[in-house]
Structures are given as structure tokens and as C-alpha cells.
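Work through the exercises below with the sequence and the model open. Each task is followed by a solution in steps.

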Amino acid sequence: MHVLVLGAGVTGVTTAWYLAKAGFDVSVVDRQPEAALETSYANGGQISISHPEPWANPTAPLNVLRWFGREDAPLLFRPHADAAQWAWTFAFLRECLPHRTRRNTAAIASLAVHSGERLRALRAETGIAYDHLERGILHLFFTPEEFSRAGAKAAELAAYGIEARLCSRDECLAIEPALAGGAGELAGGLYAPHDESGDAFRFTQALAERAAQAGVRFHYNTTITRIDRTGGLMNSIEVRDAEGRTGSLTASAYVLCLGSYGRALVAPLGEHLPIYPVKGYSVTVPLRDPQRTPSVSLTDESRRIVCSRLGDRLRVAGTAELNGYDTSINPARCQAILDWLEMRFPGATDTTRARLWAGLRPATPNNVPLIGKSGLLNLWYNTGHGTLGWTLACGSASCLAGLMSGRRPPVHNFPFLGNEA
Ligand SMILES: Cc1cc2nc3c(=O)[nH]c(=O)nc-3n(C[C@H](O)[C@H](O)[C@H](O)COP(=O)(O)OP(=O)(O)OC[C@H]3O[C@@H](n4cnc5c(N)ncnc54)[C@H](O)[C@@H]3O)c2cc1C
């Protein structure tokens, strides 16, 4: 069966890979000249199985109000006259109820654990290199109050089968000695030794190359302008190439992996995808002194900033902004990340050569991705991965390939769409 995967970010390329492995004849279409040039380009690099809790949790509404209007706010809401933005925001607030947060966390945790296993298996099978490190993630708490809640987090993670151990300040410094230069008020940490980090862009490009060698066809520079349906079936996509020529592509089945842009394309089909872009920033800097630069991936839980060593570079990412589809760089928000870097690792990197980047997380209100069957018989979804698309990519894609092959995925507690078995 010929399957057309729409989108060549980390989600689309992993989907193409697992579908090809399952015996499907696969093509991929993307408007960019190569794979992973949009949100999967310069993310935080974390395979963060130990962070399944969504942003929509009971502490979020108060934080959003507290930070409202602050240019350096970790989470910033810029209201627009946009019905989709308000609908998403109200749905987000509903997901902050404690019982919903618990349910969503459990769903993400079980998919994340599976995804970690799939990523390790894929790496062993293909041997692809992407500046990955298996040194765990250390979550840092800079106030005693926040640290006092870390024990409960560790217990919750243990219940999902995720190892994370509570660490004193000294233990944090022993795990990541580079913290010594700027640990400041560090109260303590939570260390997840089985988490990983790596460059999602390099991974996606390398996997796309392997997939092409395995027979997957990639149509780059091809923008999808419309999706056509007849009755309950999707029958083609209308496309435009870089020279402005139009045409159409057809297949027996389609998988939508278009990041933040899928919602508008399927709306005319009567399909509602609750996805809204949540903008984030990253800075990538060359190292000056590797000894003083962290190699354990870090999450500053107080500032919502993450950092990952990617070979001879350090990637620092953070901030979330509900501001439509704007991907321009706001210097104040990048500066907040650079200030963090200089404060925590003074002089360790060359911040004068920082590469600034902004991307749009394709976020559902509860951060649970949409995986499974749409309302049309031959259209499938693997999209809406929000803050965790890199972490969840391999698990989501292998589950989707299983569903399309008629198999029940080995992930319990996850609400696959269409509930196929
Ligand atoms: C600042 C930041 C930090 C992050 N850090 C992490 C992290 O540490 N760990 C983690 O797990 N996740 C992280 N994420 C989230 C992760 O990067 C995303 O969830 C993931 O990249 C989404 O992948 P995707 O393939 O769904 O979307 P994309 O990578 O955006 O891919 C969608 C593809 O669809 C194509 N497309 C869109 N519209 C059309 C069209 N009309 N026609 C043709 N092609 C089209 C695009 O060109 C693109 O290639 C972070 C995100 C950001 C912004």
C-alpha cells in the first residue's frame, strides 16, 4: 500500500521510517528543501522521559498571571483577536484541573518510556550519529520551596517506571562539575540517569537519508495547498513547487505530520485538530572551555530553561509564547536565555557567536499528541507533540505504523485516536 506522509520534521521522517520497515510503500512531501528545517531544527535536544508533566497543570494559571506582560517570562500569553487562540487557551485552562493533569501525565509517560526504547533500538540498528549523549538529565531547583516538591515528583515518576533520584546540591555538583562556576542558589536536583540528549536536526537528516536508501521517496520544495476528499475518503493533495507549478499527489493512505500547520489544512474537511503554535527560542553557542561546559543535559525547573551539549556546541532553549504563527526573533527573549547561560557557566562558551533561533511547538492544550485515525477512512494523524516531539518521535511513529498494520500498540494508558486494535 502506498502511504504519503505529509511533513518531513522529526515526526514525519520517523513515521516514514517505521512505515517502510512495516512493509508500506512510502513517500514524504515537505515544503522545505531538506528534512527538519522547521520546529525540529534547533530544539532543546533533550530526550526527556523524566518530564511527562504537561504545562497545563494546577500551577500554570497562577504563573501565567504572575508573568503576564513580562518580556523575559518563561510562559507568555500575547492575546490576539484570534478565535483559535482563545479556544486553545480555554481548553488549556480546563486541562489544568488536577485529575486531567494526572491522566495526561500518565499518557505521556507511558508513550515516553516506549519511545526511549524505540530510539535505543533504532540507534543500535542504524548506527546513526547525531551528537547524542547518554548522560541523563539533571533537573535543577533554585528555591527550597520548589525543591521540596521534587520528592513527590520522583515518587510519581517511579510509579510510571521512570527512575529519577533526589540529589542534594553537592550531589548535583558531583554529577555535573561544570555547575560549580555558577550554581548560585541551587537548592537541589532530581537526576534521571536514563534520559539522553542529542541533535534532533542531525538525527532527522540522517534517518531521512537511511529511509531514502530503503526506498522512501522524498518530494521536497513542495507545498501542500489543499487536501481533497470525496465522501469519507481523502483522495489527493494539491501541491505547488518552488517554481510555482501546481499539481496533485495521490496515495492509498495519508499521514499528517505538519507541525503547527496541519490544523488549517484539515479544517475544510470538517476535521478539528486542537493544535496551536507555542513559540520557543534557542541559542546555540560554540564552546570556549569544554571542562566548564555541562555534558549532562540540564533543566532549570525554576526558569523553564534546558541545555544540552551537542558535540562542540551547547544548545540552550526555553520560553513559551502564545503569539500566533510569528517566528521572528525577539532580542529580549533571547537575551534572557543568554543571560542564564553566562550566569550559570561564566566564560565557558562564546556567546558573541550565538546562533539565535525561534520555532513553533505544535501544541495540543494537554500536550498529549494526536496519534491514530482521523474521521476520514484513509487519513491518519501523528502530530501535536508540543514540548516533547523529539522525546516522543520514535515511539509515536512506531505505534502509528503498528496501528496502520492493524496491531494494538504496546503502550497502555495512551488515548490513540480511533482506538484501532
Ligand atoms: C525552543 C524549543 C525547544 C524544544 N525542546 C525540545 C526538547 O528538548 N525535547 C523535545 O522532545 N522536544 C522539544 N521541542 C519540541 C519539538 O522540537 C517539536 O515537538 C518537534 O520538533 C515537532 O516536530 P514535527 O515533525 O511535528 O514538526 P516540524 O518539525 O515543524 O515538521 C513539520 C514539517 O511540515 C512541513 N510543512 C508544514 N506545512 C506544510 C505545507 N503546507 N506543505 C508542505 N510541508 C509543510 C514543514 O516544512 C516541516 O518540515 C522543542 C521545541 C522548541 C520550539
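## Exercise 1: helix H1

The buried residues of H1 are Val 10, Thr 11, Gly 12, Val 13, Thr 14, Thr 15, Ala 16, Trp 17, Tyr 18 and Leu 19. Buried means under 20% relative accessible area, exposed over 50% and partly exposed in between, with a 1.4 Å probe and protein chains only. Helices (H or I, at least four residues) and strands (E, at least two) are DSSP runs numbered from the N terminus. The model is predicted: local features need pLDDT of at least 70, side-chain atom pairs count only at pLDDT 80 or more, and totals for chains, interfaces and linings use all residues. Residues are numbered from 1 along each chain as its sequence is written, and side-chain values use heavy atoms, with hydrogens and water left out.

Task: decide how far H1 is enclosed, and check the span of H1.

Solution. 
1. Ten of the twelve residues of H1 are buried, so H1 is largely enclosed by the rest of the structure.
2. After H1 comes Gly 23, with a positive phi near 100°.

## Exercise 2: two helices against H11

Task: describe how H1 and H4 each cross H11.

Solution. 
1. Axes are lines fitted to C-alpha atoms, for helices over the stretch in contact, and angles run from 0 to 180 degrees between N-to-C directions.
2. The axes of H1 (residues 10-21) and H11 come within 8 Å and cross at roughly 35°.
3. From H1, the residues that meet H11 are Val 10, Thr 14, Thr 15, Tyr 18 and Leu 19. Contact means heavy atoms within 4.5 Å.
4. The axes of H4 (residues 98-126) and H11 come within 7 Å and cross at roughly 90°. That makes H4 roughly perpendicular to H11, a class that covers 65 to 115 degrees, with under 35 roughly parallel, over 145 roughly antiparallel and the rest oblique.
5. Among the H4 residues in this contact are Ile 108, Leu 111 and Arg 118; Thr 391 and Leu 392 are included on the H11 side.

Terms used
The expected span of a helix is 1.5 Å times one less than its number of residues.
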